[in-house]
Amino acid sequence: MSCPAPLPATLTLEQVSWGAGLLHPVSLTLARGRVLGVLGANGAGKSTLLRLIYRFHTPKSGRVLLDGADIHATPARKVAQRVAAVLQEQPTDFALTVAEIVALGRAPHRRALAGPSAHDAHIVEHALDRMSLRAFASRPFGTLSGGERQRVMVARALAQEPGLIVLDEPTNHLDIRHQLEVLRLVRGLGATVVASLHDLNLVRGFADDVLVLKDGQPLAFGPVTDVLTPDLIARAFGVRAQARGPARFDFSLFDDMQPEKQA
Ligand SMILES: Nc1ncnc2c1ncn2[C@@H]1O[C@H](COP(=O)(O)OP(=O)(O)OP(=O)(O)O)[C@@H](O)[C@H]1O
């Protein structure tokens with residue numbers, strides 16, 4: 001079963017800021033189909049930036065443009081047809097089945113009061129298949145493990161057929177195989193992607209570009225291989241990074257003698 005890929009979106013941030021100094025102005029352009037990793041220590045402002053991009057927060061200054069249109073000058077429903085978010089917070093309606101939760105992703109595409117169409121059902125099944133959730137379709141959401149729930153939330157986002165997918169720490173709760181599978185799948189969607197991630201080695205295999213934040217300030221933006229240097233990691237996270245081959249770092253505290261290997 002296959003579905004045509006949605007047209008990926010171009011995302012532009014023009015001097016976007018939020019709160020009383022919680023996020024200082026950020027500007028960048030992410031071309032269609034690019035994958036952006038948003039990095040930074042705890043409290044650096046990653047979730048705040050993501051909330052601006054999926055239209056939860058209104059910027060204090062600046063604009064968020066999707067394909068050139070200001071998302072805050074665009075009706076919420078229209079934005080929801082193009083932007084899906086996978087968040088750390090999950091639905092509390094634990095009695096809904098997995099298939100029902102995934103079907104919620106179709107809501108922005110339906111006319112008011114219209115029920116699900118055969119096309120909607122096809123897309124929901126496809127999303128369940130892609131996340132290996134077919135066997136869970138009838139299970140109440142509340143009976144799933146943390147990792148299974150996370151995969152359901154990604155499936156709901158897939159059912160939304162977004163041109164831009166925003167993920168806040170999407171690998172939380174996932175075992176290493178599902179971390180790699182989810183990141184590969186998200187990369188393979190053809191959509192433009194913005195994801196906050198904590199694992200700097202996973203980011204190197206996943207993202208095209210990275211934005212690094214520190215204390216609500218943008219420290220660096222650009223291709224992951226250019227930006228993610230030991231010097232930048234030291235400035236952003238206060239740890240020593242030693243390159244181990246082209247695609248991984250070992251990390252240690254500056255006052256430690258022995259590097260601590262990451263899993
Ligand atoms: N609504 C709010 N009111 C006040 N402060 C807030 C609000 N939202 C976020 N903050 C503060 O802004 C800062 C950045 O928060 P944010 O959640 O964006 O960080 P983060 O980089 O996602 O962190 P983590 O890695 O811990 O999830 C934090 O100090 C947080 O306490």
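These legends walk through a few close-up views of a predicted model.

**View 1. Around the ligand.** Let's start with who sits around the ligand: Trp 18, Leu 22, Ala 41, Asn 42, Gly 43, Ala 44, Gly 45, Lys 46, Ser 47, Thr 48, Glu 169 and His 198. Which distances can you look for here? Lys 46 has a side-chain N or O atom 2.7 Å from an oxygen atom of the ligand. For Asn 42, a polar side-chain atom is 3.1 Å from a ligand oxygen. His 198 also brings in a polar side-chain atom, this one 3.2 Å from an oxygen atom of the ligand.

**View 2. Leu 197, tucked into a loop.** You'll find Leu 197 in the loop between strand 8 (192-196) and helix 7. Is Leu 197 buried or exposed? With a relative accessible area of 2%, Leu 197 is buried, because the cut-off for buried is under 20%. Setting aside neighbours within four places in sequence, Leu 197 is in contact with Val 38, Leu 39, Pro 170, Thr 171, Leu 183, Val 203 and Phe 206. Look for Gly 40 as well: Gly 40 and Leu 197 are 157 residues apart along the chain, yet their C-alpha atoms are separated by 8.5 Å.

**View 3. Phe 206 and the largest nonpolar core.** The largest nonpolar core has 54 residues, and the ones that touch the most other members are Val 102, Val 152, Ile 165 and Phe 206. Which helix gives this core its largest share? That's helix 5 (residues 146-159), with 7 residues. Both domain 1 (11-228) and domain 2 (229-263) take part, each supplying at least three residues to this core. Now zoom in on Phe 206: leaving out neighbours within four places in sequence, Phe 206 is in contact with Val 35, Leu 183, Val 186, Arg 187, Val 193, Ala 195 and Leu 197. Apart from this core lies another one, of 26 residues, including Ala 9, Val 79, Leu 164 and Val 166.

**View 4. The buried side of helix 9.** Helix 9 covers residues 230-237, and its Leu 232, Ile 233 and Ala 236 are buried. Why do these three end up on the same side of helix 9? Because they cover an arc of only 100° around the axis. Among the elements that cover these buried residues are helix 7 (200-206), strand 9 (209-214), strand 10 (217-223) and helix 8 (224-227). Follow the chain just past helix 9 and you reach Gly 238, which takes a positive phi of about 70°.

**View 5. Ala 241 on strand 11.** Ala 241 has its place in strand 11. At 8% relative accessibility, Ala 241 counts as buried. What does Ala 241 contact, leaving aside neighbours within four places in sequence? The answer is Pro 230, Ile 233, Phe 249, Asp 250 and Phe 251. To get your bearings, find Ala 9, which is 232 residues from Ala 241 along the chain, with 34 Å separating their C-alpha atoms.

**View 6. Thr 74 in its loop.** Here, Thr 74 lies in the loop between strand 5 (69-70) and helix 2 (76-80). Thr 74 counts as buried, because its relative accessibility is 19% and the cut-off is under 20%. Beyond neighbours within four places in sequence, Thr 74 is in contact with Arg 55, Ala 69 and Val 79.

Key. Residues are numbered from 1 along each chain as its sequence is written. This is a predicted model: local features need pLDDT of at least 70, side-chain atom pairs count only at pLDDT 80 or more; totals for chains, interfaces and linings use all residues. Side-chain values use heavy atoms; hydrogens and water are left out. Buried means under 20% relative accessible area, exposed over 50%, partly exposed in between (1.4 Å probe, protein chains only). Helices (H or I, at least four residues) and strands (E, at least two) are DSSP runs, numbered from the N terminus. The arc is that of the directions from the helix axis to the C-beta atoms. Contact means heavy atoms within 4.5 Å. A nonpolar core is a set of buried Ala, Val, Leu, Ile, Met, Phe, Trp, Tyr and Cys residues joined through side-chain atoms within 4.5 Å. Domain bounds come from an automatic or database domain assignment. A residue is near a molecule or strand if one of its heavy atoms lies within 4 Å of it. A polar contact is a pair of N or O atoms within 3.5 Å; within protein, one must be able to donate a hydrogen and the other to accept it, and residues adjacent in sequence count only if both atoms are side-chain atoms.
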